[in-house]
Amino acid sequence: MTPAELEAARDRLVPDVVADGLRVLFCGINPGLMTAATGHHFARPGNRFWPVLHASGFTPRRLQPSEQHELLGYGLGITNVVTRASARADELSDEEYREGGRLLAEKVARLRPRWLAVAGVTAYRVAFGDKRARIGPQERTIGATRIWALPNPSGLNAHWTLATMAEEYGRLRAAAYADADG
């Protein structure tokens with residue numbers, strides 16, 4: 001993909017991969033330009049979302065971004081805090097995060113996933129006004145939906161390795177399957 005093609009994708013919207021009653025609704029910060037250009041979530045080659053999803057046991061094999069709709073068969077989905085595509089998350093304003101959090105809460109209330117998993121604790125803090133949030137399960141709920149803040153799988157988040165991210169995503173997976181009957 002050329003730089004011009006990527007730049008043309010700026011501000012493009014990427015459809016959610018969602019259904020009612022998912023086990024886990026994963027939530028990115030916002031679509032990157034590669035995601036916007038392809039229409040596939042977490043599409044940038046250096047992004048570790050798909051490898052981590054497999055390594056943590058959520059999927060039986062590593063899916064490609066173009067296979068994102070297969071997630072629905074596993075009770076999983078993908079959305080974003082902010083819908084607008086950008087080259088970097090730091091291009092987003094706090095106001096966009098807060099409005100995104102408000103709209104995300106409405107979406108979660110409508111779709112009723114068991115867990116909302118926000119991949120980016122800083123984005124979660126700003127979107128939901130929770131400055132003390134840490135990686136892991138949160139006290140806040142949206143209706144009956146519990147919330148888990150996950151490390152951002154971007155390759156720029158280098159202090160989280162594939163292994164340590166898979167461990168944290170695996171903790172969420174264990175919780176999501178433990179509460180399957182409750």
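**Close-up views of a predicted model**

**View 1. Helix 5 lies across strand 3, strand 4 and strand 5.** Helix 5 runs at about 25° to strand 4. Helix 6 (residues 162-178) also packs on the sheet. It touches strand 1, strand 3, strand 4 and strand 5. The direction of helix 6 makes about 170° with that of strand 5. Angles run from 0 to 180 degrees between N-to-C directions, and axes are lines fitted to C-alpha atoms, for helices over the stretch in contact. Contact means heavy atoms within 4.5 Å. Helices (H or I, at least four residues) and strands (E, at least two) are DSSP runs, numbered from the N terminus.

This is a predicted model, in which local features need pLDDT of at least 70, side-chain atom pairs count only at pLDDT 80 or more, and totals for chains, interfaces and linings use all residues. Residues are numbered from 1 along each chain as its sequence is written, and side-chain values use heavy atoms, with hydrogens and water left out.

**View 2. Five strands form an open sheet in the order 2-1-3-5-4.** The pairing is mixed. Two strands pair if DSSP finds at least two bridges between them. Strand 2 and strand 4 are the edges, and each pairs on one side only. On average, neighbouring strands of this sheet are turned by 25° against each other, direction ignored. Strands of a sheet pair through backbone hydrogen bonds, either parallel or antiparallel.

**View 3. Strand 1 has a parallel partner in strand 2 and another in strand 3.** Five bridges link strand 1 to strand 2. Four bridges join strand 1 to strand 3. Look for C27, whose bridge partner in strand 2 is T79. In strand 3, W115 is the bridge partner of V24, and A117 stands opposite F26.

Is strand 1 enclosed or open to the outside? Five of its five residues are buried, so strand 1 is largely enclosed by the rest of the structure. Buried means under 20% relative accessible area, exposed over 50%, and partly exposed in between (1.4 Å probe, protein chains only). V24, F26 and G28 are buried on one side of strand 1, and L25 and C27 on the other. In a regular strand the side chains alternate between the two faces of the sheet.

**View 4. The largest nonpolar core has 23 residues.** A nonpolar core is a set of buried Ala, Val, Leu, Ile, Met, Phe, Trp, Tyr and Cys residues joined through side-chain atoms within 4.5 Å. V24, F26, F49, W50, F58, Y169 and L172 touch the most other members. Strand 1, helix 3 (49-55), strand 2, strand 3, strand 5 and helix 6 each supply at least two residues. Helix 6 gives the largest share, five residues. Follow L172: it touches V24, F26, F58, W115, A117, W148 and L150, not counting residues up to four places away in sequence. Apart from this core lies another, of 21 residues, among them Y97, L104, A123 and A149. In soluble globular proteins, nonpolar side chains tend to be buried together.

**View 5. A149 lies in strand 5.** A149 is buried, with a relative accessible area of 0%. It is in contact with V118, V121, R134, I135, G136 and Q138, leaving aside neighbours within four places in sequence. A149 and L116 are 33 residues apart in sequence, yet 8.4 Å apart in space, C-alpha to C-alpha.

**View 6. Helix 4 (residues 94-111) has 18 residues.** From first C-alpha to last, helix 4 reaches 25 Å, close to the 26 Å expected at 1.5 Å a residue. That expected span is 1.5 Å times one less than the number of residues. Which residues of helix 4 are buried? They are Y97, G100, G101, L104, K107, V108 and L111. These residues cover an arc of only 130° around the axis, which puts them on the same side of helix 4. The arc is that of the directions from the helix axis to the C-beta atoms. On the other side, E95 and R110 are exposed. The cover over the buried residues of helix 4 includes strand 2 (76-80), strand 3 (115-119) and helix 5 (121-128).

**View 7. R112 has a positive phi of about 55° although it is not a glycine.** R112 lies in the loop between helix 4 and strand 3. At 52% relative accessibility, R112 counts as exposed. F42, in the loop between helix 2 (33-38) and helix 3, also has a positive phi, near 50°. F42 counts as buried, at 12% relative accessibility.
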